[in-house]
Amino acid sequence: MRIDTNPIVRLEDYRPSDFLIDSVELDVRLHPTETRVIATLAMRPNPEGRPDAPLALDGDELNLKSVALNGRTLAGEEFEASPQALTIAQAPRQPFTLTIETEINPTTNTKLMGLYRSSGNYCTQCEAEGFRRITYFLDRPDVLSVYTTRIEAEGDDAPVLLGNGNPVESGTVDGSDRHYAVWHDPHPKPSYLFALVGGRLGRIAKNFTTMSGREVELAIYVEPGKEDRADYALDALERSMRWDERVFGREYDLDVFNIVAVSDFNMGAMENKGLNIFNDKYVLASPETATDMDYAHIEAIIAHEYFHNWTGNRVTCRDWFQLCLKEGLTVFRDQEFSSDERSRPVHRIAEVKTLRARQFLEDSSPLAHPVRPTQYREINNFYTATVYEKGAEIVRMLKTIIGDEDFRRGMDLYFDRCDGTAATVEDFLRAFADVTGRDLSHFARWYEQSGTPRVKVKGRYDPDAQTYRLDLAQSTSPTPGQVKKDAMAIPVALGLVMHDGSPSNGTCDRVDSRGVFLLDKPEDSIAFTGVTSLPVPSLFRGFSAPVKVSLDLPNEELLVLLRHDMDAFNRWQAAQTVAMRLLAALSTGAEVSDAEIDAFSAALASFMDRDACEDPAFAALVVTLPSEADIAQEIGRDVNPDTIHRARSEMRRRIGLSCANHLRRFYESLTDTGPYSPDAASAGRRSLRNASLDLLAAADPGVGEALAVQQLESAVNMTDRLASLSVLTTLPGEAREKAIARFGERYRNEPLVLDKWFTLQAAIPENGTLERIKGLMQHPAFSIANPNRVRALIGSFAMLNQVQFNRADGAGYRFLASIVLRTDELNPQLAARLLTAFSTWRMMENTRRSHAEEALRSIAQKPNLSRDVGDIVSRSLEESQGK
C-alpha cells in the first residue's frame, strides 16, 4: 500500500507561499490527445515568504516542453523537472515573468481532474488540486491571480469556447480551420477556480438586471437537443441571484454568468468564477424524466454554486483546512434559500435526516474528523458531510445564538473585511465577535472538536411550588486522535407543552425571548416557574444544535408533542423517537407488546385524520419510519441487518393495516389531474400519495401490486412513475420483473433515468440482488468510467441495501472491494467515495465484522494504491491495527 509514502499535511505547519503570482496569461490550444498549454506567469517574491527559498511549482503527470525566465529559454541545468514538480533553485528576488509550455492528453484523463474530454467536449475540474494537471503552478488557495485565457480549437470540434470572467475577443486563426476566444476575469482568484470548456453545446439564455441596475447575461450550455430541459435550472439561477441580493445584499459582479452541464463529473457541480460546471443530473429536468426530488436538488445546487460567488470566490479560503469556511457557509445559505422557496419545516426535516444519515455516521466511524481538520493525507477525502452539513449547522447555531439582526451585520462585516482575500475560520468568527461584543472562543470548539455531542436531560415537576426543572448534561465520545472532549456551546431552543395543548404560562429567566438557552458547561440546570400542571418538554426545537438527545419521556408524552407542539420539527421528531424505540427493540429481540405498536399506529392514524391535509409533505415525513441505516446507528454495536429489515417490514405492515382507511383515502384523493408542476405544494401532495401507496403495499402486497401496476401505466410524471416502480421492487414476482424490463426499455436512451432504474434494482433486499447487479454491469448504458453510472448502481447497493451489502457470507463486501480496486485504476476519487461504505463495518456483529475487515485488508495489500483510496482504507483499519 502506497499510503506510507504520502506526507501528512498539518494545519500547524501552514506558512505563506514564498512567491506570488499577480497575473496569469494562458494560451490553451485544444487537441484530443496533444493539447498545448502556454502559461505566462507574472511573479514576485512574497515579502512574507522565505528570502532564500527556491521556486517550487506543483505538477501532476505533466509533460514539460519548455521553460523561459523573462523571455530567455532556460537550459536543462537551470531547473529540475518531473511530471510532478518544477523547481528553479535560483529564482529572481524581484518581479519576473515565467513562461511554461506543457502538453497534456485530455482523452486519456479518466481521473476527471485537470483538463479532460467528456462525450466529445473539453472540460476542467481544478478543485482541489487539479490545476497542476494543466500546468506547473503554485496550486494552493492562498495564491490569488488575475487570469486571462485564450482558448483555441478546431471549429468543427469545439464551436463553443468558454472561460472564466468576461468575453474579450474571438475570431478565426489565419490559414486554418481553427478559431479562438479570449476571456478575462478581473477578480483575483486561486487556481482551483479556473475553468474552461470547449465543445458542441446547445444554449439557453436570458438577461438579469442586478439591484444596482447592471445587465448580466445568464446562459446554460447543455448537450444539443436538451435545451428545453435546462429551463428550470435557469429559473432557479435567477431566483437565487435575486434572493442573495435581498437576504445578504450580495450582487453579481461580472457581465456574464455561464453554467455548463457535462455527463462525466466527479462532483455535483463546481463554482468556477463566472463559469460553473455541473454534473448534468443537477441541470437537466423535464416532467417525463425528473422527479420532484430532482427538481428540488437542481434548485438547491444551482443556488449553492451561485452563492459561492461571494462565499468561496470573492472570499476564498486560506488553505484547505478552512474548507468549511466556504462549503459549510454556502450550504447554510442554500438551505436558507430552499427553505424560503419551499416549506421551511419540511426542508428542515430533510436537512436533519441527511445530517444524521451521513454526518452522524461519519462522526461515529473511523473517518471522524473535526469540521476544520488538523491534518490530512489526501484533501479530496475531506469533502465530507462533516465539512458540508455539520459546517452549515455551526453557522446556523451562530445565528441562533446571536440573533438574525446581528448575524446579518456580522456577515456584512465579514464580506467588507475579507473581500478579495483568502480567509480563515478565525476571520469569520472575528466579524461576529466584533459586531456583538461576544467572546466566541468557546463557540469555536465546534470547528476544532470531532464527534457528535450527546445531551442527557432529566425533567422534574414540583406541583406544590409549580416549578419544572430541567437538568442537562453534555458529553462527547472519543474519536480518532481526540480522546478528551471539552464542553461545547450548545444552543437549546425549547418550550413546554401542556397535555391538553394549551400554552404553558411557565417562565424562566435563563431562556431568552426567542426561547433559547445556551448550554456551555458540562452540566447545568434551568427552572420554569408558574407551571400549573405537569408539562412535556419540547427540546432543540428546529434542531437547534447537531446533537443526540437522551430524554426519558414515556411514549405517551412524546405523542403529546406529536399532537400539540407548536414546533413542526419536534412533532416529527416525537413520532420518529417512538418509532425508533419500537424498531430498535424489535431488532434486538427485546420485548415489545402489541399494545405499544397499536398505540403508535393509532396515533399516526389520528394525526393523518386531523393534520395531513394541511401540509401533505409534512404528513408523508411523519408516517415514514426511520431507515434501516438509522436503526443500525441507533443500535450501534453487534448489528444484524437481517433482524432490522424484518422489524421494519413488520412495523410498516402494522401501520399500513391500522391506517388503511386513511391511506386509501389520501391515495385516491391526491391523484394528479392537471399539468405537472414541481412547486412545493404539488410535490407535497404527490409525496403523501406515494407514501400511502408504500404503506398499503406493506399491509397487503396483493392490493399494493395492483395499485402500483395501475399507477405505473397511468402516471403522467416521473415522480409517480418511479414511486410505483419502487413499490413493485419490494414485491417479488412476475409483475415486478415485467415492470422493471418495460421501464428499462422505455428509457433506454435516457442515461439519467436509467440511473434511477439502476438504483432501484441495486436496493432490492433479496439474495439475488448481487447477481442482478453483476448482470446490470453488462448493460449497454453502464460504464465503469462514468461516475454517475457507478454511483447509481454500485454506490446505491453499498449505501442503501443494508441487508445485501452486509451479507453474512461477506459476498457484498468482497464485491465492493473488487470494484474499488478496479475503479482506483481509472478514477481514484470515485473509488475512495465508494470505499466509505465500509464506515459502518465495526458496528456489525462478529461474523460480518470479520468479513468486512478481510475485504478492507485485501484492498490495503494491493500495491500502488492511489493516495485517495490508500488514505481511506488506512484510516478505516487504523484502530484495529492498534494505531
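The helices themselves (H or I, at least four residues) and the strands (E, at least two) are DSSP runs, numbered from the N terminus. Please keep in mind that this is a predicted model, in which local features need pLDDT of at least 70 and side-chain atom pairs count only at pLDDT 80 or more, while totals for chains, interfaces and linings use all residues. Residues are numbered from 1 along each chain as its sequence is written, and side-chain values use heavy atoms, with hydrogens and water left out.

Let me start with the chain as a whole. It has 27 helices and 32 strands. Its radius of gyration, taken over C-alpha atoms, is 28 Å, close to the 29 Å that the globule rule (2.2 Å times the number of residues to the power 0.38) gives for 883 residues, so the chain is as compact as a globular protein of that length. Along the principal axes, the C-alpha atoms fill a box of roughly 90 × 65 × 60 Å. Of the 883 residues, 60% count as buried, where buried means under 20% relative accessible area, exposed means over 50%, and partly exposed lies in between, with a 1.4 Å probe and protein chains only.

Now to the helix pairs. Helix H10 (residues 568-587) and helix H14 (residues 641-658) pack at an angle of about 135°, with their axes 8 Å apart. H10 and H14 are therefore oblique to each other, given that angles under 35 degrees count as roughly parallel, over 145 as roughly antiparallel, 65 to 115 as roughly perpendicular and the rest as oblique. On the H10 side the contact (heavy atoms within 4.5 Å) is made by Leu582, Leu583, Leu586 and Ser587, and on the H14 side by Thr643, Ile644, Ala647, Arg648 and Met651.

How do the axes of helix H22 (residues 787-800) and H25 cross? They come within 10 Å and cross at roughly 15°, and the two helices are therefore roughly parallel to each other. Here Pro787, Val790, Arg791, Ile794, Gly795 and Met799 of H22 meet Leu830, Arg833 and Leu834 of H25.

Finally, the two loop residues. Aspartate 157 lies in the loop between strand S12 (145-154) and strand S13 (160-163), and is partly exposed, with a relative accessible area of 22%. Not counting residues up to four places away in sequence, aspartate 157 touches Arg117, Gly120, Tyr122, Gly199 and Arg200.

Leaving aside neighbours within four places in sequence, the contacts of arginine 214 include Glu251, Asp253 and Asp255.

Technical notes
Axes are lines fitted to C-alpha atoms, for helices over the stretch in contact, and angles run from 0 to 180 degrees between N-to-C directions.
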